[in-house]
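This report covers the sheet, one of its strands and the salt bridges of the model shown below.

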Amino acid sequence: MPLAGIILFAAVVAIVVFYMIRTAFSFAPWIPSSAHMARLALDFIAPSPSMRFIDLGAGDGRIVFLAARKYGMRAYGYELSPLPYLLSRLLQLKYKKLPVTLTRRDLFTADLSEFDIIYLYGLPEALHEKLEPKLEREARPGSYVISYNFPLKSKTPVREMHDRWRNIYIYQY
């Protein structure tokens, strides 16, 4: 392999690692959510196709595609880390007819007021210190927040679901 190819490969790997580390410290590392648990939460909410869904830190987009495919919602996913975002865009080729928008974006810059259902999987410290104040400011009355694995401190869930080590907490604002 020529030296230029090795340098290019090393640069790409360095960029991916940098963004994965940056993302891990901003909200959470990429750990895929359980589609089964997300489905249970969405079944409880019983969304209509007119509702708008957002997955903050969408990873590979599996929950975004679930929301659009099973419930007919207009579904959005924000993911900052380049590798999971690329995977979500590749998966989108399989589901190109679904009403899905995937954006490489920092979830903390998103306007949450336009969404009816907000799905998230964040680590407790980032969730409590950074995202909960944003949810309090921006989540519109009547909207739902689904938190995977970790509860919010500032609200009492309307429903909790547990399956071994996986947890879902549903809140209504």
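## Terms and basis

Two strands count as paired if DSSP finds at least two bridges between them. Helices (H or I, at least four residues) and strands (E, at least two) are DSSP runs, numbered from the N terminus.

The model is predicted: local features need pLDDT of at least 70, side-chain atom pairs count only at pLDDT 80 or more, and totals for chains, interfaces and linings use all residues. Residues are numbered from 1 along each chain as its sequence is written, and side-chain values use heavy atoms, with hydrogens and water left out.

## The sheet

Seven strands form an open sheet with mixed pairing, in the order E3-E2-E1-E4-E5-E7-E6. Strands E3 (100–104) and E6 (159–163) are the edges, each pairing on one side only. On average, neighbouring strands are turned by 15 degrees against each other, direction ignored. Helix H4 (residues 82–94) packs on the sheet and touches E2 (74–79) and E3; contact means heavy atoms within 4.5 Å. The direction of H4 makes about 155 degrees with that of E3. Axes are lines fitted to C-alpha atoms, for helices over the stretch in contact, and angles run from 0 to 180 degrees between N-to-C directions.

## Strand E5 and its neighbours

E5 (residues 144–148) runs parallel to E4 (residues 117–120), joined by 4 bridges. Isoleucine 117 stands opposite tyrosine 144, and isoleucine 118 opposite valine 145. With E7 (residues 166–172), E5 pairs in the antiparallel sense over 5 bridges; serine 147 has tyrosine 169 as its bridge partner there.

In a regular strand the side chains alternate between the two faces of the sheet. In E5, Tyr144, Ile146 and Tyr148 lie on one side and Val145 and Ser147 on the other, all buried (under 20% relative accessible area; exposed is over 50%, partly exposed in between, with a 1.4 Å probe and protein chains only). Because 5 of the 5 residues of E5 are buried, the strand is largely enclosed by the rest of the structure.

## Salt bridges

The count is 6 salt bridges, each a side-chain nitrogen of Lys or Arg within 4 Å of a carboxyl oxygen of Asp or Glu. Glutamate 114 and arginine 52 form one, with the closest N and O atoms 2.5 Å apart. This pair links distant parts of the chain, 62 residues apart: the loop between E3 and E4, and strand E1 (residues 52–56). Glutamate 114 is partly exposed at 32% relative accessibility, as is arginine 52 at 25%.

Glutamate 138 and lysine 134 form another, at 2.8 Å. They are 4 residues apart in helix H5, so about one helical turn separates them.
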